[in-house]
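User: I want to know what stands behind the labels for this model. Please take me through the aromatic rings, then the strands.

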Amino acid sequence: AVNLIESGGGSVQTGGSLRLSCEVSGHNINMYCLAWFRQAPGKEREAVAGLYQWRQLRADPEIYYSNSVKGRFIISQDKAKNIMYLQMNNVEPEDTGRYYCAQRGSCNTAVWHLGAYYNAWGQGIQVTVSS
């Protein structure tokens, strides 16, 4: 079974930075889709960023961002350690929420943002941005 564990959340002031980590295990390391989602109180879950790695096709993953974080957040991975990161820069109060990492075998531009598409989820971690 795929297991995902988030870490690195906490409180940060507007304009600051925070880095989230998601440790992944039990997945196919040659082909996988990983993504970050978030959910604020009273709001629907939304996709933040994702990556699709297919090692036989290309060394670097395809990267996806939602419009709300593009240019501020950076998704990356350490393939040797099976850890995905979300570097959050210039954060805004609207970035407050519980952040989840999710995994499935493959994805593309059309579906990466669909939460129902993912098979495995982490327990989530809170990020609070104060103004």
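Analyst: Rings of Phe, Tyr and Trp (its six-membered ring) pair if their centres lie within 6.5 Å; planes under 30 degrees apart count as stacked, over 60 as edge-to-face and the rest as tilted. The whole structure holds 6 aromatic pairs. This is a predicted model: local features need pLDDT of at least 70, side-chain atom pairs 80 or more, while totals for chains, interfaces and linings use all residues. Residues count from 1 along each chain, and side-chain values use heavy atoms, without hydrogens or water.

User: Why is the pair of Tyr 64 and Trp 112 called stacked?

Analyst: The centres are 5.6 Å apart and the planes meet at 15°, so the pair is stacked.

User: What makes Tyr 118 and Trp 121 edge-to-face?

Analyst: Their planes stand at 65°, with 6.2 Å centre to centre. That angle is over 60.

User: Why is Tyr 118 called buried, and Trp 121 partly exposed?

Analyst: Buried means under 20% relative accessible area, exposed over 50%, partly exposed in between (1.4 Å probe, protein chains only). Tyr 118 has 6%, so it is buried. Trp 121 has 27%, so it counts as partly exposed.

User: How do you know that Arg 104 lies over the face of Tyr 117?

Analyst: The test asks for NZ of Lys or CZ of Arg within 6 Å of the ring centre and within 35 degrees of the ring normal. Arg 104 passes, at 4.0 Å from the ring centre.

User: What makes β1 and β3 a pair?

Analyst: Pairing takes at least two bridges found by DSSP. β1 (residues 3–7) and β3 (residues 18–25) have 5, in the antiparallel sense. One of the bridges joins Ile 5 to Glu 23.

Terms used
Helices (H or I, at least four residues) and strands (E, at least two) are DSSP runs, numbered from the N terminus.
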